Amino acid sequence: MNDYLQYSGRTAVVTGTASGIGRATAKRLVELGAEVHALDHAPTDLAGLASAIQADLALRDDIDRAFAKLPEHIDGFFGVAGVSGLHHDYNTTLLINFGAYKYISDSHLEARMGDGGAIVYVTSMGGINWERYQEELEGLIHVAGWDATVDAIEGLGLNDQPGPAAYPLSKRLLNLFMAHSATALGSRGIRVNAVLPTSTETGLTSDFAVMAGGRASLESRAGLNRRLATPEEMADPVVFLNSHAARYISGHPLTVDFGARNLQLLGRTADALDRPLIGNARGARS
């Protein structure tokens, strides 16, 4: 049988590997023969890893120390780690879910990847409509460096808003950053994509249930099959997008929701996220 994915011997870096989608992604890559390096703020206990490094994505020094331990050449980067915002403030949620990945790409990945390299970010269905509200996001997308990103986030003046309010904005930003990165890196043969998962059974499920008003509400929004996805059902599309089989796919936000988004596109349910996020947050504060 042909090896359509062609991960054998390739170097892969995966964040968020202690649990959930990140762990399922790392496990699948190990099974496929990749040299897998795991990053998480918590310890990762998974057989077959080349390395497991603890790092807090809210800290630039932690990110730099982690990449100092990683190989000089990286074939595939899988940005899975993220936070719900329930246990973080607004600015930190934006920094972890978006700012850290922008910094990793600009400061580390671009120098370590070449033709055939691939990056995939796990964003969220909470980040839909990013293409409709680019104007309010551009100021954060085009800043250069960690300090400038932190300053731009602080400049929003929204840290008095609850952390969960930053979650959809952080994922919308990461989707737009993916599109910009795919455009900028395409001439070097580096692909960049995103997976937008629906609600998935992970370590953050209890957080999202609180944010949604209960688990039943969370399940009703997940997919047309009315259940949460498993981590493996998200990890497989993530692994696919960085594989040889997807070698002509770049700049694509892949929705993985068992058809639920179709209800909004067909006008059968309201799209509660079809609105500005920065302006609305400022209005709620004033």
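Where does Phe258 lie? Phe258 sits in the loop between β7 and α10 (260-265), with helices (H or I, at least four residues) and strands (E, at least two) taken as DSSP runs numbered from the N terminus. The model is a predicted one, in which local features need pLDDT of at least 70 and side-chain atom pairs count only at pLDDT 80 or more, while totals for chains, interfaces and linings use all residues. Residues are numbered from 1 along each chain as its sequence is written, and side-chain values use heavy atoms, with hydrogens and water left out.

Most residues other than glycine have a negative phi. At 57% relative accessibility, Phe258 counts as exposed (exposed means over 50% relative accessible area, buried under 20%, and partly exposed in between, with a 1.4 Å probe and protein chains only). Arg226 also has a positive phi, of about 60 degrees, although it is not a glycine. This arginine is found in the loop between α8 (215-220) and α9 (231-241), and Arg226 counts as exposed at 52% relative accessibility.

Now to the sheet. Seven strands form an open sheet in the order β3-β2-β1-β4-β5-β6-β7, with parallel pairing; two strands pair if DSSP finds at least two bridges between them. The edges are β3 (51-54) and β7 (253-256), each of which pairs on one side only. Neighbouring strands are turned against each other by 15 degrees on average, direction ignored (axes are lines fitted to C-alpha atoms, for helices over the stretch in contact, and angles run from 0 to 180 degrees between N-to-C directions).

Within this sheet, β1 (11-15) has β2 on one side and β4 on the other in the strand order. Five bridges join β1 to β2 (residues 35-40), and the two run parallel. Thr11 stands opposite Glu35 in β2, and Val14 stands opposite Ala38. Val14 and Ala38 are 24 residues apart in sequence, yet their C-alpha atoms are 5.1 Å apart in space. Together with helix α1 (residues 20-31), β1 and β2 make a right-handed β-α-β unit; right-handed here means that, with the strands pointing away from the viewer, the path from the first strand over the helix to the second runs clockwise. The pairing of β1 with β4 is likewise parallel, over three bridges, and the partner of Val13 in β4 is Phe77.

In a regular strand the side chains alternate between the two faces of the sheet. Both faces of β1 are covered, with Thr11, Val13 and Thr15 buried on one side and Ala12 and Val14 buried on the other. Five of the five residues of β1 are buried, so the strand is largely enclosed by the rest of the structure. Val14 itself has a relative accessible area of 0%. Over in β5 (residues 118-122), Ile119 is buried too, at 1%. The C-alpha atoms of Ile119 and Ser220 are separated by 31 Å, and the two residues are 101 apart along the chain.

On a 1 Å grid over the protein atoms alone, a cavity is a set of points where a 1.4 Å probe fits but cannot get out, and a pocket is an open set with protein on both sides within 12 Å along at least five of seven lines; lining residues have an atom within 4 Å of a point. Grid points are joined across faces, edges and corners, and a volume is the space filled by probe spheres set on the points.

The largest cavity has a volume of about 30 Å³. Tyr7, Arg10, Thr11, Ala12, Asp75, Gly76, Phe78 and Asn242 line this cavity. Both β1 and β4 (76-79) supply at least two residues of that lining, which divides into three nonpolar, three polar and two charged (Ala, Val, Leu, Ile, Met, Phe, Trp, Tyr, Cys and Pro count as nonpolar, Asp, Glu, Lys and Arg as charged, and the others, Gly among them, as polar).

The second largest pocket has a volume of about 170 Å³. Of its 13 lining residues, Arg10, Gly116, Arg191, His244 and Arg247 are the closest to the centre. The lining of this pocket divides into two nonpolar, seven polar and four charged residues.
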